[in-house]
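Please read the following account with the sequence and the structure at hand. It goes from a single residue pair to the sheet around it, and then to the relation between the chains.

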Protein chains: 2
Amino acid sequence: MILVNGQTDIQLSPTDRGFQYGDGLFETLYVNQAGIEFWHEHLQRLSEGCQRLGLKPPNESLLFNESRRLIDNSTTPAVLKILISRSGAGRGYRPPVDHQVTRIVSLHPLALYPDHWQTEGVRVRICSTLASINPSLAGIKHINRLEQVLARTEWGDERIAEGLMFDALGRLIEGTMTNVFLVKGGELYTPNIAHAGVLGVMRRVLIDAAARLDIAVHVGDIDQEQLAQADEVLLTNSIIGVWLVKSVDEFSYSLGQIGQQLQLEVGRIRQKQTLALS
Amino acid sequence: MILVNGQTDIQLSPTDRGFQYGDGLFETLYVNQAGIEFWHEHLQRLSEGCQRLGLKPPNESLLFNESRRLIDNSTTPAVLKILISRSGAGRGYRPPVDHQVTRIVSLHPLALYPDHWQTEGVRVRICSTLASINPSLAGIKHINRLEQVLARTEWGDERIAEGLMFDALGRLIEGTMTNVFLVKGGELYTPNIAHAGVLGVMRRVLIDAAARLDIAVHVGDIDQEQLAQADEVLLTNSIIGVWLVKSVDEFSYSLGQIGQQLQLEVGRIRQKQTLALS
């Protein structure tokens, strides 16, 4: 279930700059019976990433057609992954002036999380692997993900759903595969993604949901002390939507009203933002 | 001139984790008529990188035989590149317990730098793209090189040999493809590579050369002010050896005695540390 530049029978050139240097971007989209969730939002972020990297933006309708080809032959729900990279032949970091873009579209089964994680909350840990501080790379979903790989190798306990990552200055950044929100005094707090981390599509959706529910959102630096003193902790990504956190290492949190309201509201928004396949 | 797991006729799987997540490492070695320079030092760093990433270390004699296959059929001098990555199939940052390692060995022509760069010094600029702060990734030569790619896109002027990168805290880290040394008052200063940057093999060789010549070396934080006030600036990597810097943006430097002595001494060490192919 993988298309390389639209073809099922070809492999990748080992000279591809995505492989040699991590010179590329990706998106992970949720596919349900009705279609693909937040297609435009994901393609918008991909397009912004292309601008940051000086990559030719991919043709959106071509990507949609290729995505549809995979989904037609499969069961839903599923995860659609789109990866684009700069192809290349020579050695050296400088990209060729006239580059081609490699386009990988693949469909994957949903990760098998226990059902009760959605309803009863999840257990989370703090990773010792740090998130890189680099404003030049912050925000976009590039394929330099070694720090997430290292953070994710830190635990094998299947009962732990996610690991939180701080940066070298002690700022909470994100989970290995999620964005993070705190609730304190009825208001939301989430890390600023200007120096490190990924601007998740579902992070944006949660912020929109908060606005609809008239819950104030503060974007800024968060340290370990503020995490410890939060009333509630929430995690978001495009596949899980919203997870309510019941513990981070030895700290316990209540599954409070704010988180539950936001989880419901995000669910409602997800249903409306699906691009039909036909 | 590229071998994928020892074969010339196969391509890379797009599911390889090196491509999907940058889950891999590389080495760039100089090949001369007599053989491969600093083979053991490069393989040592590769092996340390494997330990950091939890990758199975590659079989050294297999890599040597594959390297020899490519070099036998080519002209020297040349650049040998070895890249190893974690192969994979599923989605998700967590590496499979029983992973295979992908092994790419390739031979490349030397970059065509003007001859006078070696003898008369090079012009250098300061990049606005920053080096990532991440102690978990510092030192090893992993394939997450997007920041170097972005830094290298900042200039097109062929007369500029290299760009220097700082981190978000204003510390000088390295060039896009080199390590950097300052000379001040007859002593050497070079950035600490504990928080960002790559521990270059030629950086180690230059430090050894300095010890032989009884030149003190200080490893620590260096800011833009110290760079501006240096007497001499040197750059190192495994291909170029040592470049003396004649300017960084508007600042000029003399090609002083210390740099020239070190350049000669490094040249002598290079000639002795070559592994013959037969």
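Which residue in β15(B) does B:E37 stand opposite? In this predicted model, the residue facing B:E37 from β15(B) is B:T274. The strands concerned are β3, which covers residues 35-37 of chain B, and β15(B), and they pair in the antiparallel sense over three bridges.

This pairing belongs to an open sheet of chain B, in which six strands follow one another in the order β1-β5-β4-β2-β3-β15 with antiparallel pairing. Because β1 (2-4) and β15 (274-276) of chain B each have a single partner strand, they stand at the edges of the sheet, and one side of each is left without a neighbour there. From one strand to the next, the twist averages 25°. Helix α2 of chain B, formed by residues 39-53, packs on this sheet and touches β2 (24-32), β3, β4 (78-86) and β15 of chain B; the direction of the helix makes about 180° with that of β2(B).

The relation between the two chains can be considered next.

Technical notes:
Residues are numbered from 1 along each chain as its sequence is written. Chains are lettered from A and ligands numbered from 1 in the order in which they are written. This is a predicted model: local features need pLDDT of at least 70, side-chain atom pairs count only at pLDDT 80 or more; totals for chains, interfaces and linings use all residues. Two strands pair if DSSP finds at least two bridges between them. Helices (H or I, at least four residues) and strands (E, at least two) are DSSP runs, numbered from the N terminus. Axes are lines fitted to C-alpha atoms, for helices over the stretch in contact, and angles run from 0 to 180 degrees between N-to-C directions. Two residues are in contact if their C-beta atoms, placed from the backbone, lie within 7 Å.
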